[in-house]
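Please view the sequence and the structure before reading the points below.

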Amino acid sequence: MLQESELPELDNAPDTPDRLPAPNHPRFTKPQRVAFVQACWHREVVEQCRIAFLAEIEARGIARAQVDLFAVPGSFEIPLHAQLLAKTRRYTAIVAAGLVVDGGIYRHEFVADTVIKVLMDVQLRTEVPVFSAVLTPQQFHESAVHLDFFRRHFAIKGIEVAEACASTLHSLERLRGQVAAGIV
């Protein structure tokens, strides 16, 4: 698990009159704990997803202290970690982030397809939702322009995966409550 001291600081811009008020997100009835599994391949790009995810998930009612961070060498290693984390029953959700680059051979397609399929299998077998921000761009070159573009893109994906995670956890809370009450 990554230590907090290994993480870059988030920008904490002061509130200004131009800034919109923070949205009022629904609160969870039960404590939530999330595992965030990040591939280290192209870390400078992928970490933008983690940074944005942590800020957005906190705004949606899950404190940073309730998110455990795990680093793996590459995207191919994410599914096994996700499966083992789901089996612990400690986490109400697991988020995966990675970048699978087309290196000019078919391997990237195999890796991306396998990772997504296994993550889906993990969530269906364990009933722990697993969210993917494992991306496979059609064009990626280690140029300044592409690195900058994909850093920004991963920050957007971090926000989107936090939204999906929080919304799904709220939905599952309601659904499990209805099942327990015999409504569904």
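The points below concern strand pairing, the crossover between strands, and aromatic pairs. The model is predicted.

**Strands and crossover**

- Strand S1 (residues 34-39) and strand S2 run parallel and are joined by 6 bridges.
- Within this pairing, Gln-38 stands opposite Ala-71 in S2.
- Together with helix H1 (residues 43-59), strands S1 and S2 make a right-handed β-α-β unit.
- Strand S2 (residues 67-72) is mostly covered, since 5 of its 6 residues are buried.

**Aromatic pairs**

- A pair of aromatic rings is described by the distance of the centres and the angle of the planes.
- In the whole structure, a search finds 2 aromatic pairs.
- Phe-36 and Phe-53 form a tilted pair, with 5.1 Å from centre to centre and 40° between the planes.
- This pair links distant parts of the chain, as Phe-36 lies in strand S1 and Phe-53 in helix H1, 17 residues apart.
- Phe-36 counts as buried because its relative accessibility is 0%, and Phe-53 is likewise buried, with a relative accessible area of 0%.
- Phe-70 and Tyr-91 form an edge-to-face pair, with 6.3 Å from centre to centre and 85° between the planes.
- Phe-70 lies in strand S2, whereas Tyr-91 lies in the loop between helix H2 (78-87) and strand S3 (93-99), so this pair ties together parts that are 21 residues apart in sequence.
- Both Phe-70 and Tyr-91 are buried.

Definitions and conventions
Residues numbered from 1 in each chain as written. Predicted model: local features only at pLDDT ≥ 70, side-chain atom pairs only at ≥ 80, totals over all residues. Heavy atoms only, no water. Buried < 20%, exposed > 50% of the residue type's maximum accessible area, 1.4 Å probe, protein only. Helix = DSSP H or I, 4+ residues; strand = E, 2+ residues; numbered from the N terminus. Pairing = 2+ DSSP bridges. Right-handed = clockwise from strand over helix to strand, strands pointing away. Phe/Tyr/Trp six-rings, centres within 6.5 Å; stacked < 30°, edge-to-face > 60°.
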